[in-house]
Amino acid sequence: MPGKQRVSYFYHPEVGHFYYGPSHPMKPARLKLAHHLILSYGLYKEMECYRPHPASPGEMAAFHSEDYVQFLSRINPDNLRQFSSQMQRFNAGEYTDCPVFDGIYEFTQLYTGASIDGAIKLNNGETDIAINWSGGLHHAKKSEASGFCYINDIVLAILELLKVHARVLYIDIDIHHGDGVEEAFYCTDRVMTFSLHKYGDFFPGTGHIKDIGAKEGTGFSVNGPLSSGMTDASYEALFRPVMAKIMEIYQPGAIVLQCGADSLVGDRLGCFNLTLKGHAECVKYVKSFGVPTLVLGGGGYTIRNVARCWAYETSVLLEKEISNEIPYNDYFEYYAPDFELHLQPEPRDNMNSDASLQAVRTELLQQLMSLQGAPSVQMQEVPPEFDLKKDKGAEGLNDGGQEDDHRDTGNGRTSKGKGDGERKSHSAEFYDSSKN
Ligand code: V1D
Ligand code: CA
């Protein structure tokens, strides 16, 4: 186990002020609750705190189409009628999961900028763990909003990490399938995606266990479909062995962990029975590998529990014990009636039988073990025509191999690589454009 890891925290004071609408379950105000809880526990003293930059349209276009980014930057609740055909095309508007609200584009800029900043800090070797609880919007597609998500900050952060790291692991413990991230990297072995999620009559409907990737990416998408009522014990009994095998076989240079809090007991949209301890056990286990990690938020619709979860997980990342008594803060009344941090599981059935969990575990371990023989896992070639769209500072990409993480690109990053140093990556390399 490595010694204490350096933690950087990215929070923009405006990000919690946006409002999706009165009947919409996504409440950015939960970010203010979480931040104030983190402050009231004194955790800010243990980490470096940063105000992130707002992501630019050019940064977003490293993954998203230009017309989609332009649409997001122009639309507002007062000019909807001018954009009606585009709203349908881009899946935004009143009768979708993705309303057009005041400041929609600024909101995407703030949560996306924070994830990109976190990735850059990790790339520069200036931190070991970067946290952005406002990020983790895993459903957004190249040219489409989906499931409350507009810009996919995760894909953009992973593209940033790929400038330095040969392999990036994405882990998703939100109750929903991380479809946008999986789709973006479905055809490459440079990103492995691992999502646990409720499957069956549940949004977004993807994430079957047999969906394992395609082309170069075959075997590098890992999906654990689950039923309602998942407990701490059953979640851990799946997460740990699969993660251990992923780390043994894939050996990522960096990890992105999406910590959607809708997998907690009592969530307004979710149906799992995880406590903070079960959820955070995943965070603890990922941290134990000592690999540079970007930790992100995601879903979470019982906002007092979202704040509890991410404050507790911040303490876990800092290895700082915090009291079960909620300290006084601006949102203290939200934690009534008990004013305690931790949640109790509900006394209800776990629809995941031991046999079904064992079947999922066995199938995922077999999928991973079949990668062991694939020469591309640890010794992959990076195609010669690497050209990262719109990013003039994307030189010095890895050309694979175990010793080629951290190369010096001439822009403050370190290197042990032996490539030509002029390679650039093209985001389209990771994306199967025939899908869009
Ligand atoms: F209940 C609602 C009230 C108003 C507006 C939307 C909803 C709602 C609840 N659940 N929408 C959903 C899911 N959508 C559907 C639609 C029906 N079909 C036509 C689609 O079932 C979307 C759930 C999104 C979950 C987002 C997330 O938690 O995964 C997330 N992660 O990071 C950010 C968000
Ligand atoms: Ca998930």
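Visitor: In which sense do strand β1 and β3 pair?

Guide: This is a predicted model in which local features need pLDDT of at least 70, side-chain atom pairs count only at pLDDT 80 or more, and totals for chains, interfaces and linings use all residues; side-chain values use heavy atoms, without hydrogens and water. Residues are numbered from 1 along each chain as its sequence is written, while chains are lettered from A and ligands numbered from 1 in the order in which they are written. Strands (E, at least two residues) and helices (H or I, at least four) are DSSP runs numbered from the N terminus, and two strands pair if DSSP finds at least two bridges between them. Strand β1 (residues 7-10) and β3 share 3 bridges, and the sense is parallel.

Visitor: What is the bridge partner of Ile131 in β8?

Guide: β3 also pairs with strand β8 (residues 293-296), in the parallel sense and over 4 bridges. Ile131 of β3 is the bridge partner of Tyr9. In β8, its bridge partner is Val295.

Visitor: Are the residues on the two sides of β3 buried or exposed?

Guide: In a regular strand the side chains alternate between the two faces of the sheet. In β3 (residues 129-132), Ile129 and Ile131 lie on one side, with Ala130 and Asn132 on the other. Buried means under 20% relative accessible area, exposed over 50%, and partly exposed in between (1.4 Å probe, protein chains only). Both faces are covered, and these four residues are all buried.

Visitor: Why does Ser65 count as buried?

Guide: Ser65 sits in the loop between α2 (57-60) and α3 (66-74). Its side chain makes a polar contact (N or O atoms within 3.5 Å; within protein, one able to donate a hydrogen and the other to accept it, and residues adjacent in sequence counting only through side-chain atoms on both sides) of 2.8 Å with the side chain of Asp67. Ser65 counts as buried because its relative accessibility is 11%.

Visitor: How much of the area that ligand 1 exposes when taken alone does the protein bury?

Guide: 21 residues surround ligand 1, and the closest are Asp97, His138, His139, Asp262 and Tyr301; a residue is near a molecule if one of its heavy atoms lies within 4 Å of it. An N or O atom in the side chain of Asp97 is 2.6 Å from a nitrogen atom of ligand 1, and one in the side chain of His139 is 2.6 Å from an oxygen atom of ligand 1. Taken alone, ligand 1 exposes 730 Å², by the Shrake-Rupley method with a 1.4 Å probe. Of that, the protein buries 66%.
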